[in-house]
Amino acid sequence: MIRRPLRTLTVLIGAAAAVTAFASPASAAASVLNEAAGPATLAAAQQKLGASLGAAFAGTWLDTTTGELVVGTTDARQSARIRAAGANPKVLRHSAAELKQIQSTLDNRTAGLPGSVAGWYVDVPANDVVVSVVGGDPAGRAWAVSAGVPVRVEHVKSAPRPLWSVIGGQGLYFSGGACSVGFNAYDDDDHYVITAGHCTELGGTVRGEGGTIGKVSKSSFPGNDYGTVKVTHSDVSTPPRVDRYEDGSDVRIEGADVVGVGGRICRSGITTHWHCGRVEALDQTVNYGNGNIVRGLTQTDACAEPGDSGGSFVSRPSSGSGTKLVQAQGMTSGGSGDCGEGGTTFFQPVKEVLDRYDLTLEKD
């Protein structure tokens with residue numbers, strides 16, 4: 001989809017405004033390729049037309065109203081060829097090569113680039129190069145003008161920023177210690193990270209691998225061992241994924257069907273990464289000492305160590321290649337032993353926290 005700014009400022013240096021006109025349709029025109037033809041067919045047609053038009057080629061795009069393929073050309077005599085190939089011709093002033101050269105000129109002027117310049121791109125349907133400036137900042141506009149090439153300046157509300165994902169099994173950092181991400185969930189208004197309650201009871205602002213996530217929202221420990229962190233930073237995404245570290249690509253959450261006693265499960269955490277085992281018991285009461293008794297935990301023989309708390313427990317993924325879909329089970333609570341000699345680990349079932357806080361699990 002092509003987004004148009006509410007307000008734009010046009011800067012034309014050394015060039016007249018683009019002259020555009022639709023060529024007259026032929027009386028026996030071929031059917032026009034459209035979005036329904038699929039990406040492969042459209043890409044082949046675009047490549048063929050680009051090669052055949054040569055220096056007269058001015059780019060291709062899909063009409064956002066009809067979905068039909070449009071091909072730009074600087075030579076009106078090429079319109080019949082474009083129609084014969086199954087596209088609508090549009091006569092434009094600048095060729096694709098000319099617009100690319102303008103963009104390259106900007107690419108080579110990044111020294112001293114004002115922070116208010118959010119970027120630049122070729123607007124193919126409009127047949128010009130656009131420079132995006134935050135809030136119409138004068139320094140940003142001046143930089144665009146000083147390039148000495150024809151550009152259009154658009155005003156944007158904010159600067160772009162890198163986006164990063166909160167992924168199950170990766171680090172979750174509190175002011176008083178480190179735990180691991182369990183799962184991501186949401187309600188009607190907000191997104192949340194689910195982890196262990198003995199982690200969220202630390203309270204305060206919580207960070208992840210890429211920066212600040214938000215603040216602890218709710219926490220339940222002892223009795224239960226779950227809590228949530230409300231995502232308040234817009235650069236944070238919460239995909240339905242769990243990190244397998246050295247054992248392979250991320251697995252994706254398909255649902256939350258419970259694995260019974262004897263079933264295979266795997267867990268992920270920042271300290272010991274990915275380990276697998278079997279479910280040994282359900283609905284277990286565990287005494288962690290100092291009055292910290294937690295009920296309703298699941299016992300497994302998958303090892304874990306400090307720092308893995310809150311990390312993801314999932315059903316064991318299938319072998320072989322392809323996307324691995326798993327069922328969310330719960331968040332690492334505690335245990336005994338270690339991953340050197342083995343041990344017993346307990347997890348808090350995730351369905352309980354979803355029901356308690358009326359959340360929906362992020363799923364593939």
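Reader: Is Arg152 buried or exposed?
Author: In this predicted model, Arg152 is buried, with a relative accessible area of 11%. That value falls under the 20% cut-off, so the residue counts as buried.

Reader: Which residues does Arg152 form salt bridges with?
Author: Arg152 forms a salt bridge with Asp123, where the closest N and O atoms are 2.8 Å apart. Arg152 also forms a salt bridge with Asp128, again with 2.8 Å between the closest N and O atoms.

Reader: And where do Arg152 and Asp128 lie in the chain?
Author: Arg152 belongs to strand E8 and Asp128 to strand E7, so this pair ties together parts that are 24 residues apart in sequence.

Reader: How accessible are Asp190 and Lys230?
Author: Asp190 counts as partly exposed, at 22% relative accessibility. Lys230 also counts as partly exposed, at 30%.

Reader: Which residues do salt bridges with shared partners join into one network?
Author: The network is made of Asp123, Asp128 and Arg152.

Reader: Changing topic: how many aromatic pairs are there?
Author: The count is three aromatic pairs. Among them is the pair of Trp120 and Trp143, which is tilted, with 5.1 Å centre to centre and 35 degrees between the planes. Trp120 is in strand E6 and Trp143 in helix H4, 23 residues apart, and the pair links distant parts of the chain.

Reader: Are those two Trp residues buried or exposed?
Author: Trp120 is buried, with a relative accessible area of 17%, and Trp143 is buried, with 6%.

Reader: Now helix H3. How many residues has it, and what does it reach from its first C-alpha to its last?
Author: Helix H3 covers residues 96–107, which is 12 residues. From first to last C-alpha, H3 reaches 16 Å, close to the 16 Å expected at 1.5 Å a residue.

Reader: Which residues of H3 are buried?
Author: They are Leu99, Ile102, Gln103 and Leu106. These residues cover an arc of only 95 degrees around the axis, which puts them on the same side of H3. On the other side, Ala97 and Gln101 are exposed.

Reader: Why would residues a few places apart point the same way?
Author: An α-helix has 3.6 residues a turn, so residues three or four places apart point the same way.

Reader: What do the buried residues of H3 pack against?
Author: They pack against strand E6 (117–123), strand E7 (128–134), helix H4 (138–145) and strand E8 (151–156).

Reader: Last topic: which residues touch the most other members of the largest nonpolar core?
Author: That core has 21 residues, and Phe183, Ile253, Val314 and Val350 touch the most other members. The elements giving two or more residues to this core are strands E12 (183–186), E13 (191–195), E19 (251–255) and E24 (325–338), together with helix H6 (350–356).

Conventions
Residues numbered from 1 in each chain as written. Predicted model: local features only at pLDDT ≥ 70, side-chain atom pairs only at ≥ 80, totals over all residues. Heavy atoms only, no water. Core = buried A, V, L, I, M, F, W, Y, C linked by side-chain atoms within 4.5 Å. Buried < 20%, exposed > 50% of the residue type's maximum accessible area, 1.4 Å probe, protein only. Helix = DSSP H or I, 4+ residues; strand = E, 2+ residues; numbered from the N terminus. Expected span 1.5 Å × (residues − 1). Arc of directions from axis to C-beta. Contact = heavy atoms within 4.5 Å. Salt bridge = Lys/Arg side-chain N within 4 Å of Asp/Glu carboxyl O. Phe/Tyr/Trp six-rings, centres within 6.5 Å; stacked < 30°, edge-to-face > 60°.
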